[in-house]
There are 2 protein chains.
Amino acid sequence: MEDLSRLCIHTVTTKPWDIERSIDEYARAGAGGITVWRDALAGRNITDVRRRIADAGLTTVSTCRGGFFPSVDASKRKAALEENREVIAEAAELGAPLVVLVCGADPKQPLTDSRAQIVDAIAELAPEAEKAGVKLAIEPLHPMYADAKSAINTMKSANDAAEQIASDFVGVAVDVYHIWWDPDLETEIARCGDLGKIFAFHVCDWRVPTRDFLLDRGLMGEGCIEIPTIRGWVEKAGFTGFVEVEIFSTEYWSGDQAEFLERIVEAFKLHV
Amino acid sequence: MEDLSRLCIHTVTTKPWDIERSIDEYARAGAGGITVWRDALAGRNITDVRRRIADAGLTTVSTCRGGFFPSVDASKRKAALEENREVIAEAAELGAPLVVLVCGADPKQPLTDSRAQIVDAIAELAPEAEKAGVKLAIEPLHPMYADAKSAINTMKSANDAAEQIASDFVGVAVDVYHIWWDPDLETEIARCGDLGKIFAFHVCDWRVPTRDFLLDRGLMGEGCIEIPTIRGWVEKAGFTGFVEVEIFSTEYWSGDQAEFLERIVEAFKLHV
């Protein structure tokens, strides 16, 4: 898509840069938004970062990430709730309207238990998030992460959870990397739109072959995901927000980040 | 489960052994069945192998594998059909009642196209398979293989395809490794049983973490798959056939195979 004002970049995408450099470079490249990963805030005064983002003319789209709720151990579930309260407070301080949730899973218990604990935890946090003015987005993760990263692995599962929690402050983050393979994708994206729950839209690509479970995401256009088709479904479902580029890549992180950013902008124009 | 007469082992599980050694060792270990991977037949007289399996008191459960139907290139699709005719003929010669299909996917075209080509190809082969007395089992593969190995990635998708093809000789192979994460699993296994389509049941485990996309499958009990639960669903759906151990593992292949086979038998008794 040509409209760079809808381009948002996740700080993790250019991980070798610190938050200040990322802000400056994203703005210079013409992006309209930034999503801040919490590690980028380490040792920073959050009010200063907030001001720098505003001064650069960028919109803070979300922070990444909260979640990791389930555990066989009740004390760990309680600790996760506390941690997520801090994440919400930090997002509010930064002026981020949204926290993306990687919901978690505990391989030592059935997935059904993990899913129930996720719903319980988010339902408990929802009123607090509303009070802070920060929305929460359940991100379905690819089924290859169902062991230990998330028990929510399809749009249907995320929609079911969001519908059950029934808070205006709880919705879904649609990331093409996790859900592109799903035969029910178009239907469930439409349903998510009908529920008013599409809170975010993330893009990257699936490399063929993919060489690492976590750190080999592709730039848009270099893999097999039908990104423009999925963006079409998301927009048909009513979404008009930022299109967020979120790429974890050992390969790209090892190269020149300024050049990588140029390629991101080019790929955004040609393949999103 | 205690009943070893229902234990079937895939030759690929003990890949360092040749087919003759595998037959002898599986029989000695008390297994009732063997599934023969085609690479194990290279350079062999198939009638001799068939006799050796019978003499050892084993049942040939299936051969692996046919499939890989879709392509943007029509001549490649035609070649795949020819190849699968040979696979069916070979299975008939071996006395195998079933061929397992890894259906294929072409990352250069939409998944919907690949799925349509899969259904077309299997529908074309079904009468020939029936004539040969060999059934075909669509195996849904984990979504991490949706790029190039299979466009059929859930039990629902496999059920839909088998139902559409509507041949008594076309059904589904249920492999826990590929589908354990699916929230609709119980429902779709029941549906598969209602359709009379559960043709095979494969087990292994999902390691946490999994270190390789293909060759790091776990022995039953060392991962997070709820194997006894899933076996219960499959049997509730009417399946009474072999429980097939199919493990691809660089780690296990590099060790002593006789010791590995002992561990398989033990794991089968304790964790299936």
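**Entry 1: helices 3 and 4 of chain B**

I looked up the crossing of helix 3 and helix 4 of chain B in this predicted model, and the crossing is right-handed. A crossing counts as right-handed if the near helix is turned clockwise from the far one by less than a right angle, and as left-handed if anticlockwise. Helices here are DSSP runs of H or I with at least four residues, strands are runs of E with at least two, and both are numbered from the N terminus.

I noted the angle next: helix 3 (residues 74-94) and helix 4 (residues 111-132) of chain B pack at about 30 degrees, with their axes 10 Å apart. Axes are lines fitted to C-alpha atoms, for helices over the stretch in contact, and angles run from 0 to 180 degrees between N-to-C directions. Helix 3 and helix 4 of chain B are therefore roughly parallel to each other. Angles under 35 degrees count as roughly parallel, over 145 as roughly antiparallel, 65 to 115 as roughly perpendicular and the rest as oblique.

I listed the contact residues: helix 3 of chain B brings B:Arg77, B:Ala80, B:Leu81, B:Asn84, B:Arg85, B:Ile88, B:Ala89 and B:Ala92, and helix 4 of chain B brings B:Gln117, B:Ala121, B:Glu124, B:Leu125, B:Glu128, B:Ala129 and B:Ala132. Two residues are in contact if their C-beta atoms, placed from the backbone, lie within 7 Å. By class, this contact of helix 3 with helix 4 of chain B holds nine nonpolar, two polar and four charged residues. Ala, Val, Leu, Ile, Met, Phe, Trp, Tyr, Cys and Pro count as nonpolar, Asp, Glu, Lys and Arg as charged, and the others, Gly among them, as polar.

**Entry 2: conventions**

I noted that residues are numbered from 1 along each chain as its sequence is written, while chains are lettered from A and ligands numbered from 1 in the order in which they are written. The model is predicted, with local features needing pLDDT of at least 70 and side-chain atom pairs counting only at pLDDT 80 or more, while totals for chains, interfaces and linings use all residues.

**Entry 3: the two chains together**

I laid chain A on chain B: a turn of 180 degrees and a shift of 0.0 Å along the axis give an RMSD of 0.0 Å. That is the relation of a two-fold axis. The superposition is by least squares on the C-alpha atoms of residues with pLDDT of at least 70 in both copies. The same surface serves both copies, since 100% of the contact residues of chain A recur in chain B.

I also looked up the interface, where 19 residues of chain A are in contact with 19 residues of chain B. The side of chain A that touches chain B has 13 nonpolar, four polar and two charged residues.

**Entry 4: chain A as a whole**

I found 10 helices and eight strands in chain A. Its radius of gyration is 17 Å, close to the 19 Å that the globule rule gives for 272 residues, so chain A is as compact as a globular protein of that length. This radius is taken over C-alpha atoms, and the rule is 2.2 Å times the number of residues to the power 0.38. The C-alpha atoms of chain A fill a box of roughly 45 × 45 × 35 Å along the principal axes.

**Entry 5: helices 4 and 5 of chain A**

I went on to helix 4 and helix 5 (residues 155-165) of chain A, which pack at about 45 degrees with their axes 10 Å apart. That makes helix 4 of chain A oblique to helix 5 of chain A. The crossing of these two helices is right-handed. A:Ile118, A:Val119, A:Ile122, A:Ala123 and A:Ala126 of helix 4 make the contact with A:Ala161, A:Gln164 and A:Ile165 of helix 5. By class, the contact of helix 4 with helix 5 of chain A has seven nonpolar, one polar and no charged residues.

**Entry 6: backbone details**

I noted a cis peptide bond between A:Val208 and A:Pro209, with omega about 0 degrees. A:Pro209 sits in the loop between strand 7 (198-203) and helix 8 (227-236) of chain A. In chain B, a cis peptide bond joins B:Cys64 and B:Arg65, with omega about 0 degrees, and B:Arg65 is in strand 3 (residues 59-67).

A:Phe68 lies in the loop between strand 3 (59-67) and helix 3 of chain A.
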